[in-house]
Amino acid sequence: MSSDRTGPQSDSPGTVEELSALRTSPPRERADAARNRAAALDAAAELFARHGVEHVSMDAIAAAARVGKGTLFRRFGDKSGLAVALLDERERALQHEILYGPAPLGPGEPDDAPLPEERLRAFVDAYLDYALDHLDLVRMSETASPGARYRIGAYRFWHRHVALLIGSALPEADADADAHTVLAPLSAEHLRAVVAEEGADRVRRAAVTVVTALLASRR
């Protein structure tokens, strides 16, 4: 395993600033709008957990939240918008760990920083924890329309983080393209189909194998 750390580092000041700019941020709202938003998200979370994301209508969420349908649609657009909002807090927690948390997921201490290869494998593992715990919501957010996954702000963060780590481990690699390759088998649509057939443990091992093979093939 190479220990070359001369490329861009995902924990260096410039790249931390760059990734921080891509982080999802909590909305700034008036007090009444914030209350309606919280009520809608609470109602959606309860109904999704009880009936499944695919079997809950926006009408049902509006009724349970006691907000107007127009308010709900204006605020979230559709169920995919609700899914994105429900995932926001979980995404921000994972992003914080990546930027500031302990190694190997985070940068750790300066005198004991993990190798980019170690951080990349740790990211895949942590992302799978997040995605598998909220698979229906992630799938809803990623499949609302063609290409929706790639327009989500969180995906831009995951992609840039992975690209920086690949670039650090392999300065000659096409890091942006390779980052999409690493993230492809982590899509919720893929995970949902494969987990049902192969189980979560095999999916996790296969995702790490993709990273290992990519790193080896670029050396």
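Trainee: Which helix is Ser141 in?
Mentor: Ser141 sits in helix α7, residues 135–142; helices here are DSSP runs of H or I, at least four residues, numbered from the N terminus. This is a predicted model, where local features need pLDDT of at least 70, side-chain atom pairs count only at pLDDT 80 or more, and totals for chains, interfaces and linings use all residues. Residues are numbered from 1 along each chain as its sequence is written, and side-chain values use heavy atoms, leaving out hydrogens and water.

Trainee: Is Ser141 buried or exposed?
Mentor: Buried, with a relative accessible area of 7%; buried means under 20%, exposed over 50%, partly exposed in between, using a 1.4 Å probe on protein chains only.

Trainee: And what does Ser141 touch?
Mentor: Leaving aside residues up to four places away in sequence, Ser141 touches Ser80, Ala83, Val84, Leu87, Ala148 and Ile152. Contact means heavy atoms within 4.5 Å.

Trainee: Why is α7 called largely enclosed?
Mentor: Because seven of its eight residues are buried. Among the elements covering those buried residues are α2 (31–51), α5 (79–100) and α11 (188–198).

Trainee: Switching topic, how confident is the model for the protein chain?
Mentor: Its pLDDT, the predictor's confidence in each residue from 0 to 100, averages 87, and 91% of the residues score at least 70.

Trainee: Where does pLDDT stay under 50?
Mentor: Over residues 1–8, for which the model has 22 contacts beyond four places in sequence. Where pLDDT is low, the predicted coordinates should not be read in detail.

Key
Helices (H or I, at least four residues) and strands (E, at least two) are DSSP runs, numbered from the N terminus.
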